Amino acid sequence: IVYHSYDLPWFRSLSWYFLLCVNYFFYGETVADYFGTFVQRREQLQFLIRYHRFISFALYLAGFCMFVLSLVKKHYRLQFYMFAWTHVTLLITVTQSHLVIQNLFEGMIWFLVPISSVICNDIAAYIFGFFFGRTPLIKLSPKKTWEGFIGGGFSTVLFGFVFSYFLAQHQYFVCPVEYNSETNRFVTECEPSELFQLKKYSVPLLLQAVLGWETVNMYPFQMHSIALSTFASLIGPFGGFFASGFKRAFKIKDFADTIPGHGGIMDRFDCQYLMATFVHVYITSFIRGPNPSKVLKQLLVLQPEQQLNVYRTLKSHLVEKGILQPSLRG
């Protein structure tokens, strides 16, 4: 309503257009990664997948040119401000939602543990702050205290460790989500990786006297849950501080009033801003290895001559390593 009074041409239309462009790019990347075999069977879709990034860039360029053509002399500064505002908003919201979906495809546990850890930290920090809070933590949020921050951190690590133990026992939560082109549906059935198989660990000497155990059985993923929970408790709250500063800048109490007494949806997810990105980076850096299914999908779309060349190269490599016996005909 405020910016409509300036009579800016194409302002609202361009904002929606850029939103559609960004969603087309990100979700097109997901379709190409996880539905490659299905898409290759449809000739009308092959063009869109093969030139997806070029089409996405062309769509963005069209929006960029429309923005330049819409510039009005007396509103240059305001229009460039809104152009930057639109891009930052898309970066924070659409990119995060795309990474959440990427994490889901790695297994439900990579979604449930991080998001539950942030929620647990929010609740525990409030409880500890309410009962024991004395020392202010940051001026942006006067009600946040060091006691709540520290208490919430320890509670979150403990919660993540225990919650991971229960989720790791179920195949539905630990198996990557894959698209089965034969049944035309998603499946979550697999042989759990080493991360989700019980292993025996030696208890440190200092804890042996307290617990009375020399060894303990646990899932390797539980060790990774400590890293996820630590991030949720140390860095996650800064997403909330960021949102608080943002609302103060515009002199508003909440983003919306969808939930009476608690603000809007964005007010409940302010601490989730960085979590999805961290989980995605963590998986790609420390967890994920080469994906045979993706390599196979790429091989299947090659020309027959290229497939034969790959076959011969792979065969000679396996013969050199002694995995395959050389054929009699050479």
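How are α7 and α10 oriented to each other, roughly parallel or roughly antiparallel? This is a predicted model, where local features need pLDDT of at least 70 and side-chain atom pairs count only at pLDDT 80 or more, while totals for chains, interfaces and linings use all residues. Residues are numbered from 1 along each chain as its sequence is written, and side-chain values use heavy atoms, with hydrogens and water left out.

Back to the opening question. Helix α7 covers residues 146-167, and it packs against α10 at an angle of about 150°, with the two axes 8 Å apart. Helices here are DSSP runs of H or I with at least four residues, strands are runs of E with at least two, and both are numbered from the N terminus. An axis is a line fitted to C-alpha atoms, for helices over the stretch in contact, and angles run from 0 to 180 degrees between N-to-C directions. Angles under 35 degrees count as roughly parallel, over 145 as roughly antiparallel, 65 to 115 as roughly perpendicular and the rest as oblique. So α7 and α10 are roughly antiparallel to each other. Their crossing is right-handed, a label used if the near helix is turned clockwise from the far one by less than a right angle, with anticlockwise being left-handed.

Which residues of α7 and α10 make the contact? On the α7 side they are Phe149, Gly153, Thr156, Val157, Gly160, Phe161, Ser164 and Tyr165. On the α10 side, they include Phe221, Gln222, Ser225, Ser229 and Ala232. Contact means heavy atoms within 4.5 Å. Sorted by class, this contact of α7 with α10 has eight nonpolar, nine polar and no charged residues. For the sorting, Ala, Val, Leu, Ile, Met, Phe, Trp, Tyr, Cys and Pro count as nonpolar, Asp, Glu, Lys and Arg as charged, and the others, Gly among them, as polar.

Helix α10 has other partners too. The axes of α10 and α13 come within 11 Å and cross at roughly 150°. That makes α10 roughly antiparallel to α13, and this crossing is right-handed. Here His224, Ala227, Leu228, Phe231 and Ala232 of α10 meet Met275, Phe278, Val279, Tyr282 and Ile287 of α13.

With α11 (residues 236-249), the axis of α10 comes within 3 Å and crosses at roughly 25°. These two helices are therefore roughly parallel to each other. Phe231, Ala232, Ser233 and Leu234 of α10 touch Gly236, Pro237 and Phe238 of α11. By class, the contact of α10 with α11 splits into five nonpolar, two polar and no charged residues.

Ala232 sits in helix α10 and counts as buried, at 1% relative accessibility. Buried means under 20% relative accessible area, exposed over 50% and partly exposed in between (1.4 Å probe, protein chains only). Ala232 and Val118 lie 114 residues apart along the chain, yet their C-alpha atoms are separated by 5.3 Å. Leaving aside neighbours within four places in sequence, Ala232 is in contact with Ser117, Val118, Asn121, Thr156, Pro237 and Met275. Ser117, in helix α6, is buried with a relative accessible area of 0%. Beyond four places in sequence, Ser117 touches Thr156, Phe159, Gly160, Ser229 and Ala232.

What about the nonpolar core? In soluble globular proteins, nonpolar side chains tend to be buried together. A nonpolar core is a set of buried Ala, Val, Leu, Ile, Met, Phe, Trp, Tyr and Cys residues joined through side-chain atoms within 4.5 Å. The largest one has 21 residues, and Ile109, Trp110, Phe196, Phe221, Leu228 and Met275 touch the most other members. Helices α6 (109-132), α10 (220-234) and α13 (275-287) each supply at least two residues of this core, and α6 gives the most, with five. Outside four places in sequence, Phe196 is in contact with Ile109, Trp110, Ala168, Val174, Tyr219 and Phe221. A second, separate core of seven residues includes Leu14, Phe67, Leu90 and Val94.

Asn103, found in helix α5 (residues 76-106), is buried at 3% relative accessible area. Among the residues that Asn103 touches beyond four places in sequence are Trp110, Val279 and His280.
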